[in-house]
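Please examine the sequence and the structure shown here before reading the briefing.

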Amino acid sequence: MADIDIHDLTDRYVAVWNEPDAERRRAAIRELWSADAVHVLQPPKEILETAEGLGFERLLLEARGHHALEFRVTRSHEEFVAPGTFVFRSRGNADRLHDVVKFNWEMAPRDGGEIAGVGLEILMLGPDGRIVSDYQFIEG
């Protein structure tokens with residue numbers, strides 16, 4: 001396992017969701033995630049309730065590979081960050097156990113105010129220190 005600074009890793013992870021430049025965002029995605037990495041999102045409660053109403057017992061949202069990850073990150077950026085409404089930031093509580101890193105992030109109003117969202121990120125790292133699996137839980 002590569003010797004990595006987990007606070008640097010989590011800071012770079014959060015920064016990619018805030019990155020306005022498409023080329024820098026694309027490069028950061030390739031630096032952070034392995035080529036066949038997967039990002040798995042636990043859907044928000046509203047989406048889960050809709051899926052259950054349609055007869056789906058279990059719903060997971062996945063983005064696999066650099067192209068899908070780029071689409072996922074870009075879409076999130078366009079919805080939350082680009083309009084100037086929110087910014088994502090780490091809560092500075094990264095911890096590591098072997099090849100697993102966990103930390104919390106928050107979505108805060110750019111101009112201050114109450115936190116709009118909080119998430120827990122669980123990252124599984126490959127031998128080169130890049131993310132191979134990324135599990136995101138929206139906690140509030």
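The briefing below treats a pocket, a pair of helices and the salt bridges. The model is predicted. Its largest pocket holds about 600 Å³ of space, and helices α1 and α2 cross with their axes within 10 Å.

**The largest pocket**

- The largest pocket has about 600 Å³ of space.
- A total of 26 residues line this pocket, and those closest to its centre are L41, R72, F80, Q136 and I138.
- Two or more lining residues come from each of α1 (6–18), β1 (33–41), β2 (61–64), α4 (65–81), β5 (100–109), β6 (117–125) and β7 (131–138).
- Helix α4 provides the largest share of the lining, with six residues.
- By class, the lining has 16 nonpolar, five polar and five charged residues.

**The crossing of α1 and α2**

- Two packed helices are described by the distance between their axes and by the angle between those axes.
- For α1 and α2 (residues 22–32), the axes come within 10 Å and the crossing angle is roughly 145°.
- This crossing of α1 and α2 is left-handed.
- On the α1 side the contact is made by L9, R12, Y13 and V16, and on the α2 side by R25, A28, I29, E31 and L32.
- Six residues of the contact between α1 and α2 are nonpolar and three are charged, while no polar residue takes part.

**Salt bridges**

- Side chains of opposite charge can pair when their charged atoms come close.
- The count of salt bridges in the model is ten.

Technical notes
Residues are numbered from 1 along each chain as its sequence is written. This is a predicted model: local features need pLDDT of at least 70, side-chain atom pairs count only at pLDDT 80 or more; totals for chains, interfaces and linings use all residues. Side-chain values use heavy atoms; hydrogens and water are left out. On a 1 Å grid over the protein atoms alone, a cavity is a set of points where a 1.4 Å probe fits but cannot get out, and a pocket is an open set with protein on both sides within 12 Å along at least five of seven lines; lining residues have an atom within 4 Å of a point. Grid points are joined across faces, edges and corners, and a volume is the space filled by probe spheres set on the points. Helices (H or I, at least four residues) and strands (E, at least two) are DSSP runs, numbered from the N terminus. Ala, Val, Leu, Ile, Met, Phe, Trp, Tyr, Cys and Pro count as nonpolar, Asp, Glu, Lys and Arg as charged, and the others, Gly among them, as polar. Axes are lines fitted to C-alpha atoms, for helices over the stretch in contact, and angles run from 0 to 180 degrees between N-to-C directions. A crossing is left-handed if the near helix is turned anticlockwise from the far one by less than a right angle, and right-handed if clockwise. Contact means heavy atoms within 4.5 Å. A salt bridge is a side-chain nitrogen of Lys or Arg within 4 Å of a carboxyl oxygen of Asp or Glu.
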